[in-house]
Amino acid sequence: MRKYFIILIILFTNTLAYGQGISVSPSRIFFTGQPGQTLSETITFSNTSSDEFYFVATIKDWNRDSLGVKKYYPMGNVSHSNAAWLSLSENTVKLAPGETKQVNVSMTVPNSEPTALSHSMLFFTQVKQQQAAAAHGLHMNILVEVGIQIYHTPTGLKAGDLEFLAFEDKHIVSRPGEQAVRRVDVKVKNTGQINKDAYVRFELTNMETGEEIPIEATAIAMLPHSEQWVQIELPEKLTAGKYLAVAILDAGSQYDLKIAEKEITY
């Protein structure tokens, strides 16, 4: 008896699913409109593969948890949702090999003026078998799901700022099935009423030798008035001694850089 498994690949970048030969843009849509106004944006699908793609659209609510990970809910289960305001020119998208197609997404702003940023997630889920692989009697269907974030930003919202709330050394952290890492955590707050993108850049310097240890920057996205822990992994093996850890919060040229420092002894 054969068993079938479905692997769903969820993608959120501007150019999507390279290996699958499908791209969808944009990955985020920002509407700004007055009460009662209907706004529209275009989503472009391109199929560069030799296979046919078939997608079905759904709309969900979402929020981020304390680590910034998205959590999804049925429509109407999250405050500041705009899912009920949306409509599509097509609820299904069929793409022949080499075809490019556009779908319009429209938002009708309620007559009662919104006073806060709202958001939802528009999913396009592949429902036709795209690839099957058989091994030891098991068949796996690899499907693609594309997520597009949709925001409505009322006029007059306060931009606020991003700021550090905490800086903690977590020492060596074990991870089930993975190599242990040394980690520091910083807590960031968005004090404003609008969505913000930023980078947390990190510098680690040996205070005795002056050696600088390169650490990769971490990209974050934060909803209004949210707080989020950013986990920064450091090399597990460091020369014993004192280190100066510097976290830099960079939200773009319109905001001042925020800096937090901590001396750590390893």
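Figure 1. Arg182 belongs to strand 14, which covers residues 178-190; the structure shown is a predicted model. The residue is buried but takes part in no salt bridge. Asp169, the nearest side chain of opposite charge, is 5.2 Å away, and a salt bridge requires the nitrogen and the carboxyl oxygen to lie within 4 Å. Beyond its neighbours within four places in sequence, Arg182 contacts several residues, among them His171, Ile172, Glu233, Pro235 and Tyr266.

**Figure 2. The protein chain as a whole.** The chain contains 20 strands and 0 helices. Of its 266 residues, 41% are buried. Among contacts with a separation of 6 or more, 71% are between residues 24 or more positions apart. The accessible surface amounts to about 14,200 Å², and carbon and sulfur atoms contribute 49% of this area.

Figure 3. The strands follow the order 2-4-9-7 and pair in antiparallel fashion. Strand 2 (22-25) and strand 7 (86-88) form the edges; each has a single partner strand, so one side of each lacks a neighbour in the sheet. On average, neighbouring strands of this sheet are turned by 20° against each other, direction ignored. Strand 4 (residues 38-47) and strand 9 (residues 100-108) run antiparallel and are joined by 9 bridges. Phe45 has Lys101 of strand 9 as its bridge partner.

**Figure 4. Salt bridge between Asp197 and Arg28.** The structure has 9 salt bridges in total. In the one between Asp197 and Arg28, the closest N and O atoms are 2.5 Å apart. Asp197 is located in strand 15 (residues 196-206) and Arg28 in strand 3 (residues 28-31), so the pair links parts separated by 169 residues in sequence. Both ends are partly exposed: Asp197 has a relative accessible area of 37%, and Arg28 one of 27%.

**Figure 5. Salt bridge between Lys94 and Glu52.** The two side chains meet with an N to O distance of 3.9 Å. Lys94 lies in strand 8 (residues 92-95), whereas Glu52 lies in the loop between strand 4 and strand 5 (53-64), so this pair ties together parts 42 residues apart in sequence. Lys94 is partly exposed at 44% relative accessible area, and Glu52 is partly exposed at 27%.

**Figure 6. Salt bridge between Glu168 and Lys170.** The side chains of Glu168 and Lys170 form a salt bridge with an N to O distance of 3.0 Å. Glu168 is partly exposed, with 31% relative accessibility; Lys170 is also partly exposed, at 33%.

Note on methods: Residues numbered from 1 in each chain as written. Predicted model: local features only at pLDDT ≥ 70, side-chain atom pairs only at ≥ 80, totals over all residues. Heavy atoms only, no water. Helix = DSSP H or I, 4+ residues; strand = E, 2+ residues; numbered from the N terminus. Buried < 20%, exposed > 50% of the residue type's maximum accessible area, 1.4 Å probe, protein only. Lys, Arg positive; Asp, Glu negative; His and termini not counted. Contact = heavy atoms within 4.5 Å. Areas by Shrake-Rupley, 256 points an atom, 1.4 Å probe, with all protein chains shown as cover. Pairing = 2+ DSSP bridges. Axes fitted to C-alpha atoms, helices over the stretch in contact; angles between N-to-C directions.
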